[in-house]
Amino acid sequence: MQITNVFGGERIPLSFEIFPPKGELPLEEARDVLAELTKLDPAFVSVTYSAGGGGNNERTSEIAQLGQDTFNLNMMAHLTCMGATRASIQENIDLMKARGVENVLALRGDPIPGKDTTDYQYAKDLIPQLREAGFCVGAAAYPEGHAACLDVDEDVRYLKEKQDAGAQFFVTQLFFDNRFAYKFLDKCRAARIRVPITFGIMPFMSKAQVSRMVFMCGASLPSPLVKVLARWEHDPESLRKAGIEYACKQLIGLAQHGVDGVHLYSMNKPDVAREITEAVRPYL
């Protein structure tokens, strides 16, 4: 089923993400994660593409096919274009179509040293090729602006360009302060961005994890989160509980604000996804 069909119903769609760590997630482990996520009735499950140009689309599309064929899940495969050629992207397209993948998240990806190409500079350059191939195509959005872009208004203009190129929905980068999401949504609507935007939340499990996310994504740390980290830094179980509670508050707040959808970066931890889903489902 195309992901655009999950939006606009009586309930706010809740989706999850599964990732092949460094492209090496054993298929049986992926099967176990998908089996547990299936019980939570997600609107869709996205499968990431390896960072840093490692390229694991074969595993990405394999997991997407597994979710569709074995568990009847609505799956979405990520695809990056940095360092790719039109020919290599066409190979990935052919592979995904052969495996029955219908939904693709078009991403630029990380720069690859020594592998420059003029075929694709941005995700917007990839989107038309995917649409022409018949995919339902989504793209990334950044509530606090992309890490490489210091002007949020300019970032929203880039988002509009993705929509104009054919993006049919957006999934946001993670953030820890909902105020950025609300301001971002207002800016998007003012910029005539009309496609659905689903907002991504990652529950924090450790101080080190939060630090990585801050440097990778440019996410801000609001005072309440800093206080939680300081209080429970040396108590892993309490910090895990606090991280889940914090994510639940974010998701409920987003739902009450009337967003199009919410997306949980569940880190291949179906137990965390289950706890959060049970807490927030009544509000969606």
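**View 1. Glu17 is a buried charge without a salt bridge.** Arg212, the nearest side chain of opposite charge, is 12 Å away. Buried means under 20% relative accessible area, exposed means over 50%, and partly exposed lies in between (1.4 Å probe, protein chains only). A salt bridge puts a side-chain nitrogen of Lys or Arg within 4 Å of a carboxyl oxygen of Asp or Glu. Lys and Arg count as positive, Asp and Glu as negative; His and the chain ends are not counted. Glu17 belongs to strand 1 (residues 14–18). Leaving aside neighbours within four places in sequence, its contacts (heavy atoms within 4.5 Å) include Ser46, Thr48, His78 and His263.

The model is predicted: local features need pLDDT of at least 70, side-chain atom pairs count only at pLDDT 80 or more, and totals for chains, interfaces and linings use all residues. Residues are numbered from 1 along each chain as its sequence is written, and side-chain values use heavy atoms, leaving out hydrogens and water.

View 2. Strands (E, at least two residues) and helices (H or I, at least four) are DSSP runs, numbered from the N terminus. Two strands pair if DSSP finds at least two bridges between them. Strands of a sheet pair through backbone hydrogen bonds, either parallel or antiparallel.

**View 3. Strand 5 (residues 136–141) is mostly covered.** Of its 6 residues, 6 are buried. One side carries Cys136, Gly138 and Ala140; the other carries Val137, Ala139 and Ala141. Strand 4 (residues 103–107) pairs with strand 5 in the parallel sense over 4 bridges. Here Asn103 stands opposite Cys136. Strand 6 (residues 169–172) is also parallel to strand 5, joined by 4 bridges. Ala141 stands opposite Thr172 there.

**View 4. Cys136 is in no disulfide.** A disulfide is a pair of cysteine sulfur atoms within 2.5 Å. By this rule the count is 0. The nearest cysteine sulfur to that of Cys136 belongs to Cys81, 18 Å away. Cys136 has a relative accessible area of 0%.

View 5. Thr80 has Leu107 as its bridge partner in strand 4.
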